Structures are given as structure tokens and as C-alpha cells.
Number of protein chains: 6
Amino acid sequence: MRLQLRTWPDVEGYLGTSTGIIVPIGSTEQHGPSGLIGTDALCAEAIAIGAGERLGAMVGPTINIGMAVHHMAFAGSMTYRPSTLIAVIRDYVMALTAHGFRRFLFVNGHGGNIPTLQSAWYEIHAELRQSGDAAAGAVRFGVQNWWSGAQVKAYADEAFGAAEGSHATCTEISLMQFLYPDHAPVLAAPLDPAVAPHHTFHGPEHYRAVHPDGRIGSDPSLASADHGGRLFDIAVMEAMAAYEKLTTAE
Amino acid sequence: MRLQLRTWPDVEGYLGTSTGIIVPIGSTEQHGPSGLIGTDALCAEAIAIGAGERLGAMVGPTINIGMAVHHMAFAGSMTYRPSTLIAVIRDYVMALTAHGFRRFLFVNGHGGNIPTLQSAWYEIHAELRQSGDAAAGAVRFGVQNWWSGAQVKAYADEAFGAAEGSHATCTEISLMQFLYPDHAPVLAAPLDPAVAPHHTFHGPEHYRAVHPDGRIGSDPSLASADHGGRLFDIAVMEAMAAYEKLTTAE
Amino acid sequence: MRLQLRTWPDVEGYLGTSTGIIVPIGSTEQHGPSGLIGTDALCAEAIAIGAGERLGAMVGPTINIGMAVHHMAFAGSMTYRPSTLIAVIRDYVMALTAHGFRRFLFVNGHGGNIPTLQSAWYEIHAELRQSGDAAAGAVRFGVQNWWSGAQVKAYADEAFGAAEGSHATCTEISLMQFLYPDHAPVLAAPLDPAVAPHHTFHGPEHYRAVHPDGRIGSDPSLASADHGGRLFDIAVMEAMAAYEKLTTAE
Amino acid sequence: MRLQLRTWPDVEGYLGTSTGIIVPIGSTEQHGPSGLIGTDALCAEAIAIGAGERLGAMVGPTINIGMAVHHMAFAGSMTYRPSTLIAVIRDYVMALTAHGFRRFLFVNGHGGNIPTLQSAWYEIHAELRQSGDAAAGAVRFGVQNWWSGAQVKAYADEAFGAAEGSHATCTEISLMQFLYPDHAPVLAAPLDPAVAPHHTFHGPEHYRAVHPDGRIGSDPSLASADHGGRLFDIAVMEAMAAYEKLTTAE
Amino acid sequence: MRLQLRTWPDVEGYLGTSTGIIVPIGSTEQHGPSGLIGTDALCAEAIAIGAGERLGAMVGPTINIGMAVHHMAFAGSMTYRPSTLIAVIRDYVMALTAHGFRRFLFVNGHGGNIPTLQSAWYEIHAELRQSGDAAAGAVRFGVQNWWSGAQVKAYADEAFGAAEGSHATCTEISLMQFLYPDHAPVLAAPLDPAVAPHHTFHGPEHYRAVHPDGRIGSDPSLASADHGGRLFDIAVMEAMAAYEKLTTAE
Amino acid sequence: MRLQLRTWPDVEGYLGTSTGIIVPIGSTEQHGPSGLIGTDALCAEAIAIGAGERLGAMVGPTINIGMAVHHMAFAGSMTYRPSTLIAVIRDYVMALTAHGFRRFLFVNGHGGNIPTLQSAWYEIHAELRQSGDAAAGAVRFGVQNWWSGAQVKAYADEAFGAAEGSHATCTEISLMQFLYPDHAPVLAAPLDPAVAPHHTFHGPEHYRAVHPDGRIGSDPSLASADHGGRLFDIAVMEAMAAYEKLTTAE
Ligand code: NI
Ligand code: NI
Ligand code: NI
Ligand code: NI
Ligand code: NI
Ligand code: NI
């Protein structure tokens, strides 16, 4: 049930039965020469909507730009400063708490969002508490980083092994091939090296210096739409479980 | 050409030929009992992508929450505070100017965004100028409010007359029926009154007091997917013209 | 009745009879070679005070710097960033709501202020609502852009026709000659061209590139103190009507 | 020479001869039952303009709202939060440094502004330095708190002694009677007590608890327009001296 | 080498040999009935100074308040909002980059700081890059969360097993008993239950509801100054290794 | 009684008997060739703790970085921008008011902090008042600038006369020699000139231009640990008196 595709009386009715909502959050950033820039936002959105449909749970609009300062040395990458992303999440949540939403499961597609997302949660807790808001003490947040669910990881280990990597991974590229079969980039030459280097990095310039084509540790040539389809089902199920756990806890 | 569905080398190549980009901006807010909450974001997104495809122009990710404080008395409406939306637009634009984008056409789906959007432009001009950024003096912004293009308005006048209204309009409801044919709400009873009242309003409580079901001045029962399809083509053409004007001006 | 020229017991008494206040807002920016930099603030102030006197309405201190980033390529122009102007208006209004003021008519002298002014209103509505302030739901804002009142425009059309222009207009230069008869600049040579060019502009550098002496579309040599005096009376009456409408509405 | 009453070519010419400017800053706050709310802004403005005229120095627009949180328990008092006032002063100065102004003498009418004014100076120094602005290292600030000039204080000591007080003082009330002779409030009964109490205070509620009518330590019935006229001349001369010292120092 | 206990010529000399600095960051928050509120700041400070002494590395002043919103339902807990902590870390780092410091190892005593610390790093990277600062591309950050170093964890596993817990842990309580032997709290009765509960928590109220005395999962009665002394040595060595890795990497 | 060395039940107990707290605030900035960078923070901390011990009053963690923009041209100096320091003090105080603290005595070691500290107090008063916080109207702030207590000044006059100076003073250097006897810098040559120059300064570059070694007006060679010990006792007594006055006032 996508909030965007419902009416306000629908939402009013829904709030009579549940205070839970799923929030897709991703990023718009380079994913190597064969990965789409929208990967993190579009994967999170698809999984969130998939889980929402099966659960009958409300799904909010996608936060499609994330905290991706470290990707900024590659054309087309976008980022919010952490302070802006905190404001975005704060306003997003505050708008919904005003209507009665209380339990927020973020389905996240980008590792770089995690620190700022958690910072935003506490910015909100602090504000709610200080202002004596009706939602203070009742709001709960959770996050499902879809790529790190136990079963997604098990699948990735078996299917891709070490070539899964940690950015522009086989898993996310597979999922995008499944979701956007017509948009798979055609490469003039194979990726070189096949498996990308994997380093600690410091800021955007250093990131590019040590990962010249943008990938970290992955060989996305192993990706396929078939894998993507199976990963989608697994990721949706894991998101559903996370939502149920968050919303049914006392 | 959607930025999200391209790779970073694609964007690098594109920037060799153009510094223009189309930015969809909408809102997530009530649109009356028969209008979808995502109307403003989803219409703007579709028109922007439509124009981008025909033009071969880059289209950025959608800013899907807007400045809708006045709609907040209806369940499900979301809003950024103006100060947050300024930060969002500022970071969005700054990320892209860093790569070389210079001309930004916003395809806007929500009248309430206009003041804050224009405020954001000057916040950016001021910052670029003060910091001596390479983009200072070269960045240009334009906005196409799709519903107020001359031909869209002419169509609406003829098709809907005074019942077009100014919120939850026949035009935007038609466009959504065309774009999302499976999501048209089914009403238990006809809208009452058929044509909604139309008042000046002051803040969210007063908005609801004078527009009890959320519509302003419209009778969206006149909307249809057929109208929507024709309006889509017109709106796309008007957005294309606005983009060409913005990007070809010296 | 100027707030600055009253005592606190006077204001306490006034609040027993009215919750309305007139707020002059202008700008300090270039007005071409023959226009004074303070035109927008001083015109708004004079009209606001004129209306306040005839109405017995309270008039607050003048917000004399506005959003004028686009004028910054001319010496002496000043500007608030939009984010600063929002904070200024927010604090101005919040101080007065704390005492019981509820209806705020801004008499505005500068078109460039309008988007930020409207953004500020919603920033305030959002904050009042979230904090559960006593003024939430009761505060109302209006703006009288004095130069665009129906009768001012009719006068300008008849007196100046197309040479009225849209910056450093005959109307505002006339009003300044009426208000500050001793400060009319003496030009070494006539303005050249007599009627200034009129272009769309993008940021301060581009503004100056296409409007080299700062005027937009006007021939202020047509201005006179006589016109100014008549325009003053018209503008005051239109501001009075706007105030009465705002303060008497239920 | 008031910036507001000059043209941009005038300012350009002035900057060829001087980089100095006088900035009036005051407050809009209660001044007891017999003092006008605008006292601090209007006195500072008059003294600044007086000094500017005699010096041929540029005078900027008046910052007419100050930091007056402690006066907010009296109707009609206005205040900027300190953070807002810092932004106001920052934008004011930054606009002028962009044109070439470098030495800023604030003529201040309100003691409560001093800490925030000084904070703003360092906020600006920090920003200029970090951004490598052309004005970094060259900008200088000074403040003339007119009421505490040596000769103003000597006059006050002799004329009013201990009854001068420290808020709604005989000195400032006299100056207002000189400047605004038609606006002297008429009291129904003499002030009681004649000389107001004088306490340390903590926040707005406590301020009012210990200074019930708003005055601190003063007996403004001793004020007169005659005193005001003489004080005006003294204050103007002291402001002139401060300006010359600031602008001629190497 | 503590920055606070050196002179500016000392620092100038040091910068000729190294651009590295160690930054202690902790928190001031409840640590259960037997743990001191300053535990996280004081442990981090002692380890940072210990490592700095042995390395001859500069150690900055301690950031002694952290992000501890979740502890705020217990008396004496303090917190920065995440947005404030970002500003604190930003200013801390920017002051030092202005002098030439480039590599910053944070020795951290509080898990709750990690997200905000990482957010701050990217806020800084973004600002340095946008402003074209000399330090852009050269600044590197690292963090040593002392309690989670491999050898500290190994020691804790062996010494305390599952009773180590995750807040008010045996490890940190031991370290404090070693560092502040005279300040060990005396309990009127044993902790009850001996091993504290361990739950997921949501905001400060919920934290206290599920961890009534503030501890999470620990039995700090197992702590001792002896353990603390050994843990101190281990933690210092691990911090030294982290510093050497950060500062010697190309 | 240091908050950092107490447990949360201790603080709960303390709040049953007192709502007062002492807050050390200093700076980390150059103090000339023979003064330690941490002088202002470490002096304030020691005096605050000394007073707290003798009074049985709670002492919070030290704000060890202050507003020292003007010292930034000397290596190792650190500073918060004024806006950051306001946020720091605001969060510090708000965390404690949430637990019931109401009276805050700042023991300050740095003159440059005073304006920002006072600004912060009013930022807090404004926020408490607007949000209807329970602490509004009850919070009181005081500051003891230890070096300007009447008896400290009398001692300094007698012991050091004009050579006391106003930065890197004999008084503070003495106190540091008493507190940190092992860290007195050894100079290769006597300070030259013996007594430093004393000028008005404008921003960090100008500060260094007129005070080349960082000192202002002092000859710290007159300092001694003996003087420091006696000054410590005096300063502690004056801080105690200030605390008692602040906390016992009705
Ligand atoms: Ni990804
Ligand atoms: Ni709409
Ligand atoms: Ni104008
Ligand atoms: Ni005054
Ligand atoms: Ni801890
Ligand atoms: Ni000092």
C-alpha cells in the first residue's frame, strides 16, 4: 500500500488499524561502469513496496538521495550533507507522527546512510522529548539494510563468494537487472580488473584514487536478472519479518 | 535519460554535450477524497521523464516531498519546512554543479513549492558567489509549472471550465488516471458538493475549516484517463519547450 | 500608530481592541542611476505608516533589508540570504504572537521578497503547529505589494504606459520624489537608453550583464513628485482595504 | 550620507574615497510607562545619521530589532534570538564587504545587543578566514554605545545623578523628547515609585517580577527635550570621534 | 603530548614533523548504579593520553559530552543533539586543519557516538571540498572504539564472559576503578538482578522501561581495578596501533 | 562533587537538595611562548572543582574549547564559531534542566567567551519561554570570570602591577605553574620584549600583527607557582561566593 497511491481517507482508515509505515531510503551515486546510479534508491524502493504489498502495510515516498559524499568524485553522484539528510528524515517523520504514525521501518539500500539515519533518529527523539510532543516515548525506528539480511548474505556467499564485493556488488546489480531489465549498461570492454580493489578510503578524492572505476571489491559481471529475482524475494521476506517485529513489539 | 538509470561514464559523456538537467519536484499531500496523495510528485515525474526521453535530456531523481504545510490537517499529507526544502534543493543543485551541470529546469507539480523553490535559487546564487565557486555566474534555473502552461490551461478551460478548480483539479486527477489506471479510488458516494468551495486560507487548520474534504474549487468527477493522456502530451511538449529555451539561451 | 512611538501600556491597551498589525517590508538595493537605494524600504514604510494612521492600526518597525541577491552586482545593494530573511520574519512574528497579535499585513515594497515572505509564513505555521503554541491555527498573514494594487497599476498604466518598467519604475521613483523631495539624484547626462532593457535574468552577474545600469524596462525620467503624491494616496487606500479585509474576516 | 538616500553610482564613487560605514543598531522594546518602544533604534539612528552628515560618512540602514529577550514580558517588546541577530549582522556585513566596505562602526542604542554584536563579529571573522575571502584580515569592527561615551556619561551624572538609571534612562528619554517632540506619552499619574528599582535579573519573567513597570533604576520625569538636544550633540561628536579612530587606524 | 599542556611554538614545531593528532571523545551519561557518569569521557581521555605519551603524538582536548539522548531518562545524563555534535566535531577539526593537522584518530569511549562521528566526518569532507580548502582531499579520519579492539574484547571474553554486557560493562567499570580508585561508588545493596537485562530499545523512555537501573546486560560487580590496569595497557597499545596505521598510510 | 565522578542515583539524590551546578568553561588557545594552550580551560576547571568540593556543589564537565577566533593565527589554537558555542551551551543546559537543575554558575577562564556565553543564555531563555518548558522562568545563569574577581585583581595589582597584562597574564600563568608544575615551558631565551605590547585588535591576522608572540601586555616571567597557589585559594573563594549568591537568591 503506497501512501502516494492512496487518498487521505484511506490513510485515516489505515491509522485506525496500524501505526506502522515502511520508508524506502537509498542513494543516487555511481555504481561503477556497469551499475546504475539509482541502484540504491531503486532497490530499496522495490523491496519496500514488495513488502508493503504482501503485508498490507503503508509505504512512504522514497528518500532517493542519501549520504554519498565519498562518491562525489564520479560524475552524476549526488549527496545530501549529513546535516541536510537529518533535516529530511526529521521532517519526513514529524509529518507522519502528526497524523499518528509511530513505528517506522526504514528499508535502506545504501550503507553510507546508516550513520546519518541513526543520528536523525536521535535528533527526533530529542526534539519530541523536549517539546512534550504526544509522540514522545512512543515513536520507534528500525532499519532493514536489505543487502545484509542473513538470507541475502547467505545467497550472496553461495552465488558470488568473494566477488560479491562491497560496492557495486553482484547482489545489487543482479537486483537492478531483475527490476530494470531494459536498462542494463552495455560495456565496450570487460571490466578491468575483473574483481575491483577493496580498500579503506578517506573522502571522495581518496576513494577514487584507490577505486578508479568506482567499484569496491566486486565483479559485477557475475550478476544476472535471475539471481536478482531470487534475491528480491528473499529481501522482501526479510523486510517483512523486520516490519512485523518492529510493529508487533510491545 | 534518467540519471538514476545511467552509469557514471554515461553522465560524463553527457556532460561533454550538455550542461542541462530536468528536475522533477512535487509533493506528497492530500488531493481530496478521490485524488491520490502522490499526485503532485508522480505527475511531475512522469512529465519530466517524458520530456527527457524525447529531448535526450538528463532527468534527475524526483523531489517527492514539497512545501505542503497547509495540507497537514489531512491524514497522510507530508511536508518539508521551507528551510528544509531550501537545504534539499541546495544540496541537490550543488552536487550537480560540482560535476558541471549548469542549467536546471524544474518540472514542478505543486503550486505551494514555488516560493520556496525560488528562495532556494537565491540561496544558491548567494552561496556560489560568496564562495567564489566555478559555477557562480553560470548557473541558471527555470521552472515549468506543468498545470499552468498556456496550452494545458487552454485545454483545461475548454474541458472543465470553472470546475477545474485549484486543488485536486480535474487536470491533475485526469493525468493520474492516465498514469496509474489501476489506482483510481472508488468512492462510496459522489463528492458533495460536486464542485468544492474555493477560499483564501491561512495555515492548515483554516484550510480544512474552509475546504472540508481537501479539494479547492474542483469537481474531479469530470476527470478521465482520456483527458489525462491528452494533457500528458501537451504538458510534455510545454516542458520540452521550456527546457530548450533555458538551455539554448546565451 | 507606530509601535516604535508607543509605550508598552499603549500596546497592551491596543491588544484589547485589535490583534492586527501592519508590517512594512522593503529592500536596500540599487534602483538605477536615478533611483535611491532605499526606495523599496522607504516606500513601504511610508505607505504602511500612512495606512496605520488613517486606520488607527499598529505599524511595526520596518524590515528594511530584503531578498535582493540578484542586485548584488551593483555597489551598495544589500541582501539577506533567503534563510536569514525567513529567520528575521519568524522572530518578528513570534515576538508579536507572544503578546497576542494574530493578523499580520505585510506592506511590501520589493517583488523579490515575495517568495521568501511566503516561505516564512509556512515556516511559522509549521513551528506554531508543532509546538502546540496558543497562536497555532489563529495566525493569519496577508501581503499588500503596493505597486501591484489594481488602482496603482491603473494609474501607472495611464501615466507611464510601457515606460513604467519593472525595476526602478516610474511609480516608485515618483513616490520617492514625493517622500524625499530633497534627495532626488541629479544626473550628469540623461539615462541612456531612455527606456531600459527588460530581460529574464539569472543571478546577479547575469542581471547586470543584461541590465547594465540596473533599471529593468523603465524610463524613470517620467517620474515626478506630483505623480508620487497621487500614487501615495492610492497606495495607502489600497493598503487600508487589504488590512480591513484581513482583520475583519472570520 | 545615508546609503538608503543615495544611488549605486554614488556608492561606487564613495568607495573610491573610503571603505568606512556607520551602522545604526537598536532595539524595539518596552521603555517603561513613559518611554517609547522604539527608543533604542531611533536614538541610534539619529545619532548615526547626525555623525554621518557631519563626517560625510556613509550610514547604512538601521537594525531596528535587537536582542531583547529579557523585555519580552511587556507588551510590544520585540526581539531577535541571538542566533538570528548573528545571521542578520553577518548578512548585513557580508553584503557590504562584497562591495569593498571594510570598516564598520556600529552606533548602538541597546546594551543588550553588545554580546551578540561581538559574537557576530567573530562569526564573520571566522567565515571570512575559512573561505579565503578578499576581505579576510582587512575587516574591522567598532561599536559606539552612545549612552556610555565619556562625555554623555559626564552630562548624565551632572544632570540626573543616580536617577539616570540603567533602562528607560533620563538620557535616552530626553533624547527621544528632543527627536520626537510630538510623541511624548502623557501619563495619567506620576510614575510610582519615582525612581525605579534596580536589580539583577534572570530572563523575562524575573525581569518583570523585579521591575514591575519596566524601568530599571531611573526617574525619567527628569528628562526633557532640552537635555535631549544637548545630549544629541555630545553623542554625535563622540560617534564621530569613534568613526575617525576606526577608519584612520592603519 | 597534550595540546593543552604545550605552547604554540611547541605545536608549530610538532607540525614540522607530523600532521597527526589523537582526539578523545566520550560521553557524560548514566552507567548504572555503580558506574560513574563520566566513564566514557574519562576512559577515552586516559587511553588517548596514554597512547599519545608513548607515541610522542599530540592529543587534543577531550570532547566530553557525546550523543546520549537514549540515556536522558536517568538523572545527570547529558547529551548533544546529533546536529550539535556534528558542529562541535566540525569546528574542532577545522580549527586544527587551519594549522596543518591532517590525520585525526578519534579514541572513542561511547558506542552512541559512532554514527554522529561518522556523519561529522562527511560533513567536513563536503565542506572542505566545496570551499576548495587546502585540506580537501588530504584530511583522513579514523576511530578507535577502545572497548571493541580485538585484544580488549578477547580479555573481556575471558575475564567476564557474557556478564560483560553492553552498557556499564565490566570492562569500562574496571578501567574506571583503575583510573579513579577513590571514586568507586559504594552500593547499599547488591545490584539486582546481578546481570542486567539486555534489550533492543527505542528512545530514552523505552530505554529505561526495559533497563530499569541503566545497565545493559552487565554484571559490573565482576569489575576490578586490577582488570582495569591490564585493560588500560591493552587499550593503549591498540590505540597506538590504530594511530600508526592512520598516520603512516600513504 | 564532580558530575563525571558520580552515579545517576547520586545526582537524583543531589537534586532533592539543590538545583545548582557549577559549569567550568575555558578555551584552548595560544598563551604566548611560555603559556600553555589549555590555560583557560584548565584554570577554570580547577577553580570550579575546588569550589564544588568545598561547597558540596555539583560540578559539570568542562567546556574546554571556547570562542577564540582571534587567536587562530597561532598554531594549536582552537575555537568554536560563536554559533557553535551557543549550541554547545544550549544543549549542555537543556540536558540539565530536563533533570531539574535550575541555577547555573559558569566559572569562566576566557574573556573571549563572555559575549557568546551571554548570547547563549538568552537563546535558552527564548527557547524555554516559547516551548512552554517547565524550566521557563526558573532558570538562572551567572558567571564568575575568575581573573576579574575583586580579590584576584587586588592580588594581581599588588604582585604584578602593569605587567599583569591582559592575555597570557601573570595571574593565569602562575595558576598553571601551581596546577601543572611539571609542564612549565622552558624558554631558550627570555621573552622579548619583557612586557608585551597591548593594542586594540581586529580579527586573527591583525591580532598577530600587533602581538607577535601572542601575549598582550604581560610579562609572564613574573609568574610563579607560589603566586599561583595563593591565587587559586582566592579564586576558589570568590567562585564559592558567586555560587552561594546565585543559588540562595529567591
Ligand atoms: Ni549500492
Ligand atoms: Ni496537486
Ligand atoms: Ni523597487
Ligand atoms: Ni534603551
Ligand atoms: Ni560507557
Ligand atoms: Ni587565558
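The side chains of Arg81(A) and Asp91(B) meet in a salt bridge, with N to O at 3.0 Å; the term denotes a side-chain nitrogen of Lys or Arg within 4 Å of a carboxyl oxygen of Asp or Glu. The count of such bridges between chain B and chain A is two. Helices (DSSP H or I, at least four residues) and strands (E, at least two) are DSSP runs, numbered from the N terminus.

This is a predicted model, in which local features need pLDDT of at least 70 and side-chain atom pairs count only at pLDDT 80 or more, while totals for chains, interfaces and linings use all residues. Residues are numbered from 1 along each chain as its sequence is written, chains are lettered from A and ligands numbered from 1 in the order in which they are written, and side-chain values use heavy atoms, with hydrogens and water left out.

The interface of chain B and chain A can now be described as a whole. In it, 53 residues of chain B are in contact with 53 residues of chain A, contact meaning heavy atoms within 4.5 Å. The two chains bury about 4000 Å² between them, and 66% of this lies on carbon and sulfur atoms; buried area is the accessible area (1.4 Å probe) that two parts lose on being put together, summed over both. On the side of chain B, the residues that lose the most area to chain A are Gln4(B), Leu5(B) and Trp8(B), together 19% of what that side buries. The rule also finds 17 residue pairs in polar contact across this interface, both residues being at pLDDT 80 or more. A polar contact is a pair of N or O atoms within 3.5 Å; within protein, one must be able to donate a hydrogen and the other to accept it, and residues adjacent in sequence count only if both atoms are side-chain atoms.

How is chain B laid on chain A? A turn of 180° with a shift of 0.0 Å along the axis does this, at an RMSD of 0.0 Å. The two copies are thus related as by a two-fold rotation axis. Superposition is by least squares on the C-alpha atoms of residues with pLDDT of at least 70 in both copies. Because 100% of the interface residues of chain B are also interface residues in chain A, the copies meet through the same surface.

Chain A also touches chain E.

About 2500 Å² is buried between the two chains, 59% of it on carbon and sulfur atoms. Tyr122(A), Arg129(A) and His202(A) supply 26% of the area that chain A buries against chain E, more than any other three residues. The interface holds two salt bridges. In one, Glu205(A) pairs with Arg129(E), the closest N and O atoms being 2.7 Å apart.

The nickel ion (ligand 5) has His31(E) (NE2), Asp40(E) (OD) and Glu172(E) (OE) as its protein donors, lying 1.9 to 2.1 Å from it. Donors are N, O and S atoms within 2.8 Å of the metal (3.2 Å for Na, K and Ca); water is not among the atoms, so sites may look incomplete. Along the chain, the donors of ligand 5 follow the spacing H-x8-D-x131-E. His31(E) lies in the loop between β1 (20–25) and α2 (39–55) of chain E and Glu172(E) in helix α6 (residues 170–179) of chain E, so the pair ties together parts that are 141 residues apart in sequence. His31(E) is buried, with a relative accessible area of 0%, and Glu172(E) is buried at 7%; buried means under 20% relative accessible area, exposed over 50%, and partly exposed in between (1.4 Å probe, protein chains only).
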